[in-house]
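This report describes selected features of one protein model. Please keep the sequence and the structure in view while reading.

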Amino acid sequence: MILNQAGTRRFKAYTSKHLDELLRRTELDEAQRLKVRAVATVLPFRTNAYVVDELIDWSAAPDDPIYRLVFPQADMLPAPDVDRLADLLKAEAPNAEIQAEANRVRMKLNPHPAGQLSLNVPRIDMEPVPGMQHKYPETVLFFPKQGQTCHAYCTYCFRWAQFVGDADLKFASDDVGQLLAYLRAHPEVTSVLLTGGDPMIMGESVLRRYVEPLLEIEQLESIRIGTKSLAYWPQRFTTDPDADDTLRLFEQVKAAGKNLAFMAHFSHPRELDSPLVSQAVSRIISSGATIRTQAPLIRSINDDPGVWSSMWRRQLGMGMIPYYMFVERDTGPQDYFAVPLAQAYEVFRDAYASVSGLCRTVRGPSMSATPGKVCVDGVTEIAGQKVFVLHLIQARDPSLVGKPFFAHYDPQAVWLTDLRPAFADRFPWEAVAQEALLPA
């Protein structure tokens, strides 16, 4: 392990060039390791020494949940695709040939779900604004250029396309002036979410260049930061050289009258075990920021109500606010990680029923789909029909928020597009779209 002069760990990243060496810690044979490497030519791989040395139980790998959280699995992609790539790697084919085949496979994986490249892109004077998304009236997402990587990549990540080196698939901008101009032109926006990647990969001086100008925007009520850093590198807030300066920046946000909210991703209780996490959480909360926790429900990693109730209880005890259980999105290796909606609801219900009211701030299971965040509220029988009960937590059309609607029960459905409306010929957002086309 690399140490700095103070005896604390310096960040050390592992990428695909280290993959075979790391895989030798498992019981995978050479052919199995080759298939994992083949998957890693399509989906990005990155982890770090903290995750490798502190979080993964190597005696349980490849079944260990944290191992599965960050290391590619041989069966994450269709077997013919994996075999073709493995053959190219084994034959030491030219890199250009390997990348061409990997890109062909990527394009089948819906790299930008829910209309991100079309429906969510804001415009100034009819020109698209790079590095931003504006899906809901009150919230703008901004992708700071220097924050478009992570301390480690999750195998289920719906933003995997940010990390594969294709500029056409990537959201990023370093034009803070353009962001400010857009906000001033849209007074309905009251919240900015800095996202990625992970904005907390940036040092304090770079992060400040994005955060500080937002404090002058009077209409803004909150600044949010989407981050996995508390799970994958809590040292960012404790022993990194600029940790104290970062906390002072957070205090500055609070002093300016803005709410600073960390949208912290925790996928498994083990990510909470290290005393460094408790220390980091305490320091962030002491700065005046709040921490809300969220993660998707992922098969083979956290598809158990006991995992979620344990996470929520521990997060609450540390001062964090359980916020969302998401459904795995329709992108990347969805078929591998997805949990059917009926099972997702049961996991959520059983976990929710076993925690106190203070943990019941959590919402879910929620699909971040094209019309908005669709929550599965339950399964019931109405007029002899078994149906899903759903509602929109958030929507492109605010008039639809909170209104219940129904879908035919399908035990195999894993996403909104697998469902058919019940007691109506279309879903609410489809009806609104149809009405918009009717003559006045």
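## A buried strand and its surroundings

In this predicted model, strand β12 (residues 363–368) is largely enclosed by the rest of the structure, because five of its six residues are buried. Strand β12 has pairing partners in β11 and β13. With strand β11 (residues 321–327), β12 pairs in the parallel sense over two bridges; here Phe326 stands opposite Ser366 of β12. Strand β13 (residues 372–382) runs antiparallel to β12, and three bridges join the two. Met367 has Val374 of β13 as its bridge partner.

## Aromatic residues

The whole structure contains 22 aromatic pairs. One of them is formed by Tyr324 and Phe326, whose planes lie at 20 degrees; planes under 30 degrees apart count as stacked, so this pair is stacked. Both Tyr324 and Phe326 are buried. In the pair of Tyr336 and Phe337 the planes lie at 85 degrees, and the pair is therefore edge-to-face. The table sets out the two pairs.

| Pair | Distance between ring centres | Angle between planes | Arrangement |
|---|---|---|---|
| Tyr324 and Phe326 | 4.7 Å | 20 degrees | stacked |
| Tyr336 and Phe337 | 4.9 Å | 85 degrees | edge-to-face |

Buried means under 20% relative accessible area. Tyr336 therefore counts as buried, at 7% relative accessibility, and Phe337 counts as buried at 0%. Tyr336 also has a charged neighbour: Arg299 lies over the face of its ring, at 5.0 Å from the ring centre.

Elsewhere, Phe45, Trp58, Tyr67 and Phe71 form one aromatic cluster. Within this group, Trp58 has the charged end of Arg25 over its ring, 5.3 Å from the centre.

## Pockets

Which residues lie nearest the centre of the largest pocket? They are Phe158, Leu193, His265, Gln294 and Phe326, out of 49 lining residues. The volume of the largest pocket is about 1,100 Å³. Among the strands that each supply at least two residues of its lining are β11 and β12, together with β14 (385–395). By class, this lining has 22 nonpolar, 16 polar and eleven charged residues.

The second largest pocket has a volume of about 250 Å³. It is lined by 13 residues, and Ser16, Lys17, Arg37, Thr41 and Leu89 are the closest to its centre. Two or more lining residues come from each of α1 (19–23), α2 (30–40) and α6 (95–106). The lining of the second largest pocket has four nonpolar, five polar and four charged residues.

How values were computed. Residues numbered from 1 in each chain as written. Predicted model: local features only at pLDDT ≥ 70, side-chain atom pairs only at ≥ 80, totals over all residues. Heavy atoms only, no water. Buried < 20%, exposed > 50% of the residue type's maximum accessible area, 1.4 Å probe, protein only. Helix = DSSP H or I, 4+ residues; strand = E, 2+ residues; numbered from the N terminus. Pairing = 2+ DSSP bridges. Phe/Tyr/Trp six-rings, centres within 6.5 Å; stacked < 30°, edge-to-face > 60°. Lys NZ or Arg CZ within 6 Å of the ring centre and 35° of its normal. 1 Å grid on protein atoms, 1.4 Å probe; cavity = no way out; pocket = protein on both sides within 12 Å on 5 of 7 lines; lining within 4 Å. Points joined across faces, edges and corners; volume = space filled by probe spheres on them. Nonpolar A, V, L, I, M, F, W, Y, C, P; charged D, E, K, R; others polar.
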